[in-house]
Amino acid sequence: MEFTGSSYSGTYQSGRMEGRGEYTLPTHTRYEGEMKDGMFHGKGVLHFPNGGKYEGVWENGICKQGHYIFSDGLEYEETDWDYCDGYDRRFYTERCYGLKPAGESQLTNGDPPPVIPDGCYDCGDGFYDPNSRVVTAHAGGFLRNADDQEHEWITRTCRKGWDEFVGCSPRNSTNTRDRRSAP
C-alpha cells in the first residue's frame, strides 16, 4: 500500500484486510467500514475530500446499494429529485434557511463563497487552474487532472477568480459624457 500512496488502519486476518477498518486512497478519499479478504465488504462509508460521503453496502469490493450525501447535508435521491431542477434553482442552503434580502446575492451554496485564487475557476469541489489543468480541493491538495471535456465545461460555466467587464462602461460612454457636460 505504501507504494500506491494508500494506507490502512484496522484488523487483518491471514495478512489480508478483514473486519472493521479505515482505508485511505491517495486522493484522500477514505473508506470506513467492514472489510473481507482485502476488499470492501459489508456496511461502509466513503468520505470524499469535498465533504460529501457515500454510505453503502459492499459485496466483494462492489457497492450493491447506497446513497450519496453532499457536504451540506443534502441527500441525493435517484427518483423524485426536485433539487435544482428547471422549476426551482435555489441553492440547498437557500431552501433550508431562506433567501437573502433583495440586493444581496448568494453566488454558491456555501455562504460566503470561497475566494478564488487569481487565474483560477471555482468548479464546485475545488479550484481549477486552466494552465496546469489541475483541480485542487478548496482546502488544498490535489483532486484530479481535468480532461478536455471538463476543461471546456469549467472555462465556459464556472465562476472566475477575476472580473471581466462586458458591454460599455457608463464612465466612458459618449452619451453619458455628453449629458454630464450639457448645461
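## Terms and basis

Two strands are taken to pair if DSSP finds at least two bridges between them. Helices (H or I, at least four residues) and strands (E, at least two) are DSSP runs, numbered from the N terminus.

The model is predicted, so local features need pLDDT of at least 70 and side-chain atom pairs count only at pLDDT 80 or more, while totals for chains, interfaces and linings use all residues. Residues are numbered from 1 along each chain as its sequence is written, and side-chain values use heavy atoms, with hydrogens and water left out.

## The six-stranded sheet

Six strands make up an open sheet in the order β1-β2-β3-β4-β5-β6, and their pairing is antiparallel. Because β1 (7–13) and β6 (62–69) each have a single partner strand, these edge strands are left without a neighbour in the sheet on one side.

Within this sheet, β4 (residues 39–47) pairs with β5 (residues 53–59) in the antiparallel sense over six bridges. G44 has G56 in β5 as its bridge partner.

Another open sheet has five strands in the order β10-β9-β8-β7-β11, with antiparallel pairing. Its edge strands, β10 (142–145) and β11 (159–160), each pair on one side only. Two bridges join β7 (residues 121–122) to β11 in the antiparallel sense, and K160 in β11 is the bridge partner of Y121.

Helix α2 (residues 148–157) lies across β7, β8 (126–129), β10 and β11, where contact means heavy atoms within 4.5 Å. The helix runs at about 105° to β8; axes are lines fitted to C-alpha atoms, for helices over the stretch in contact, and angles run from 0 to 180 degrees between N-to-C directions.
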